[in-house]
Amino acid sequence: MTAQRKVLITAAAMLTTIATVGALAGCGSSSSQSSSGTPTITILVAKNSNQAKMSTMPWAKQLAKDAKVNIKWQEVSDDAWNQQKNPSLAGGSVADISLRAYGPGDADQFPGTFLDLNKYMNKLPNVKAFFKQQPDAMKLTRAPKGEIYILPSSRGKAYRGSGQNMMINKVWLKKLGLKVPTTWDEFTKVLTAFKNDDPNGNGKHDEIPMNIRKLNTSGFGWYDPFLLMNSTGIATGFNKGPSAQGIYVQNGKVKNFLISPKLRQVVNYYYELGQKGLIPKDWSTKADDAYYADQSNDGKTAKVGVIFGWSLADFGNLRNQYEAMPVPSAPGVSASKTVWDGSSNEFENNKLAVSAHTKNLNAVLRVVNLLYSEKYSVQQFVGSFGSLVTPKGNHTYQVDAAKTDKLTKANQFPGLSDRLAGWIPNDVTIKGDTNASDIEEVNRVFDKQEKNYNHTTDFMPDYVRMDASDSTAASNISTPMMNFCMQKLGKWMTKGGADADWNTYVSQMKKLGIDKFTSLWQKWYDTYVK
């Protein structure tokens, strides 16, 4: 996994260990007036460990000047914030502005804590323009009655793909006289050749035909083996949302694949691959670092044939040996019914919140509006204008990728990357954004499969969310249900027995409340979509 990619992907495996800058006991709204009359506001930002301090970012200093405010930055690491967020909410102690600290669910759980920004759109023309161009982004955070307590962000159209990609070693295929497989039968034959025919040419049987990531105990997520559900015609959305707990939609009907025979079909296929030595024996216990190390290789000899991952950058110096491949169809599923993960990396819903008790509202709104301007959105995302980023005119910007990469490796990334509270409009082009180039390169392979289904009637849109009461009810069901389910899946994939255990498993899942869980999502799907 590349250093830059660690900035871009928000996942539990990437919790950081940097120290909190500033005492969060004092992170509440502390707006004041200086002796010169310039208002002082607090901005808290939850950051990744490889990002530079806000005090070193020129754009952050210029932002204060343009908004005619003094800014007290409060910086906190992800792992520290995970521990301190709920106490801050319970105590009503939130900063004037918080970046990537709270989500819509927090606003639901703690009413009266955050400002309803929908009432101030006349003072937020940049946010208003964002929502006009990207109405789906607005839906991500807007409550059923129209309140908007949390603003979303957009990294731009280049990030519309899922970031969940299936990739294969094309050099190995060519050497063995094989083509990209389109069915599970063809896929098994390819993996068998990868195992037996020494495609990396080193005279050893050290190839890993398919490298799969261990299961998460709480559900499905990044680079999950169960992306193969798409082979069966069920579209996943593993980046975010209830697909992580098996929720999917067909013709407007919300269902759960955790009790679908298609899940058993995928489980049995993985057991078959394991029995044939086509996936690692220790896949279910392998730490993420070891998993990533296998596919990034030693820089000389490829070790892995197929993975689910972010982009070809996952393979390090040997990226040119690989290409993206459409997911092969399961038995009985036609190519026209085979789909791909419908997640998107373009929008996120947890980017900016304003305290309902801020003392300098107009000053705060000026800052918010500037953050969502093109000028500050680009700089938040990739770094300050100057030696690192050069405006070229006509909404085009050039990033010095070599300098940025060097700073990233030194844990000094000069911006907020995916943590930006801003909007990259459709007409903006950022040259040198290697992450965007990487994801666009692989995403196009899945265009056809993504068009094999309707992303509203056959997929749970990202903007569908429950109210506080139903969210709590769903969580109370989900935790024991997923603990039971994931243990069973891991056992079946390694030791078999899914067919014999299936009816008992389904019965237990129903006792644990899967039908109620699914019906709650149907209720809120209908609320937002129908």
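## A tour of selected salt bridges

Begin by selecting D282 and K286, which form a salt bridge whose closest N and O atoms are 3.8 Å apart (a salt bridge being a side-chain nitrogen of Lys or Arg within 4 Å of a carboxyl oxygen of Asp or Glu). D282 is partly exposed, with a relative accessible area of 39%, whereas K286 is buried at 11% (buried means under 20% relative accessible area, exposed over 50%, and partly exposed in between, with a 1.4 Å probe and protein chains only).

The model is predicted, so that local features need pLDDT of at least 70 and side-chain atom pairs count only at pLDDT 80 or more, while totals for chains, interfaces and linings use all residues. Residues are numbered from 1 along each chain as its sequence is written, and side-chain values use heavy atoms, with hydrogens and water left out.

Next, select D78 and R100, whose side chains meet in a salt bridge of 3.6 Å, N to O. This pair links distant parts of the chain, 22 residues apart, with D78 in helix 3 (residues 78–90) and R100 in the loop between strand 4 (97–99) and helix 4 (104–109); helices (H or I, at least four residues) and strands (E, at least two) are DSSP runs numbered from the N terminus. Both D78 and R100 are buried.

Finally, select D462 and K240, where the side chains meet in a salt bridge of 3.7 Å, N to O. D462 lies in the loop between helix 15 (447–450) and helix 16 (468–495) and K240 in the loop between strand 7 (208–210) and strand 8 (247–250), so the pair ties together parts 222 residues apart in sequence.
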